[in-house]
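Keep the structure in view as you read.

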Amino acid sequence: MAGKIVLLDGYSLMYRAFHALQSPMSAPDGTPTNAVHGFVMMLLKTVEEEKPEKLAVAFDMHAPTLRAQRYADYKGTRKPMPDELRAQDPIIRELIVRMGLPILELAGYEADDILGTVSARCEREGREAVLVTGDRDSFQLSGEKTTILYTKKGISDTVRVTPEYIKEVYGLEPKQMIDVKGLMGDASDNIPGVPGVGEKTALKLIAQYGSLEKVLDTADAEQKGRLRERLLEHRALAELSKELATIDRDVPIAFDWSEWTLDGLGGALTRLRELRMNA
């Protein structure tokens, strides 16, 4: 049986670590290292607990995405990366390379899309995939062979998100979480959704009708008042929002399982000690 694959959402975990560890930590040259420390701790904890056969880290690239080309205001409200975290980004990437772990990134696509593509390949090959991220968008990817290890808070508070979990918490199938986003939008990504429709209403409608398209198609006949007006007026916005919220599971990125190995984790020890992190 093929072994377990773990894929980390690089920037998601970096931000989680940065905000979780606010105590002063720095390298001898004064560079802050709180995010470095937290990221490495999460990576090693995941290896210890999940015992994967292979592991890689996916990153967003600092380049225009296909979603931004489709909708200019996509993620338009995001604040720039804090300078203290930006200084740690190259250090974290260096440590990943020293550990012999692959970094996966592709211009035009986001880490979510890479997680989706790798987990889709795992499913085709009968491999178990564990996706480690603090982004709830990834819930749509959970499946029989794919578990989301959701970093709910800090660097140690995690939730295992499976289709059963989504059914229990939201009353839906994983793919229906995309339909929910189409209705309610997503403030963190500046996905508009239907103005005035919140999570509670979106979940209720998708549970009742099954899909965004069915909600919109029946709105004129079956909805009343302001909700009916909003659904009819903002149909195009809802359809665009669903498109933006849908993770691409067929990204044209090449990777070779044979090059993924955990044999080199110790390669980062010297650099960690230089950073005053006596791992």
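## The largest pocket

Helix H1 gives the most to the lining of the largest pocket: five residues. This is a predicted model. H1 covers residues 10-20. Two other helices, H6 (111-125) and H8 (176-184), also supply at least two lining residues each.

How many residues line the largest pocket? The number is 35. Nearest its centre lie Tyr 15, Asp 60, Lys 75, Arg 78 and Asp 189. The pocket holds about 1,200 Å³ of space.

## The largest cavity

Rolling a probe the size of a water molecule over the atoms shows where empty space is left. Now look at the cavities. There are two of 30 Å³ or more.

The largest cavity has a volume of about 130 Å³. Which helix gives the most to its lining? Helix H8 does, with five residues. Among the residues that line this cavity are Met 177, Ile 178, Val 180, Lys 181 and Met 184. Others in the lining include Arg 136, Asp 137, Phe 139 and Gln 140. Tyr 170 and Glu 199 line the cavity too. By class, the lining has six nonpolar residues, four charged and one polar.

## The second largest cavity

The second largest cavity has a volume of about 60 Å³. Its lining includes Arg 67, Tyr 74, Glu 110 and Asp 112. Leu 244, Ala 245, Thr 246 and Ile 247 are also among the lining residues.

Five of the lining residues are nonpolar, five are charged and one is polar. Two of the names have come up before. Asp 137 lines the largest cavity as well. Asp 189 is one of the residues nearest the centre of the largest pocket.

## A covered strand

Now turn to strand E4, residues 129-133. Is this strand mostly covered or mostly open? It is mostly covered, with five of its five residues buried. Both faces are covered. On one side sit Ala 129, Leu 131 and Thr 133, and on the other sit Val 130 and Val 132.

Which strands pair with E4? Strand E1, residues 5-9, pairs with E4 in the parallel sense over four bridges. Here Leu 8 stands opposite Val 132. Strand E5, residues 146-153, also runs parallel to E4, and five bridges join them. Ala 129 has Thr 146 in E5 as its bridge partner.

Terms used:
Residues are numbered from 1 along each chain as its sequence is written. This is a predicted model: local features need pLDDT of at least 70, side-chain atom pairs count only at pLDDT 80 or more; totals for chains, interfaces and linings use all residues. Side-chain values use heavy atoms; hydrogens and water are left out. On a 1 Å grid over the protein atoms alone, a cavity is a set of points where a 1.4 Å probe fits but cannot get out, and a pocket is an open set with protein on both sides within 12 Å along at least five of seven lines; lining residues have an atom within 4 Å of a point. Grid points are joined across faces, edges and corners, and a volume is the space filled by probe spheres set on the points. Ala, Val, Leu, Ile, Met, Phe, Trp, Tyr, Cys and Pro count as nonpolar, Asp, Glu, Lys and Arg as charged, and the others, Gly among them, as polar. Buried means under 20% relative accessible area, exposed over 50%, partly exposed in between (1.4 Å probe, protein chains only). Two strands pair if DSSP finds at least two bridges between them.
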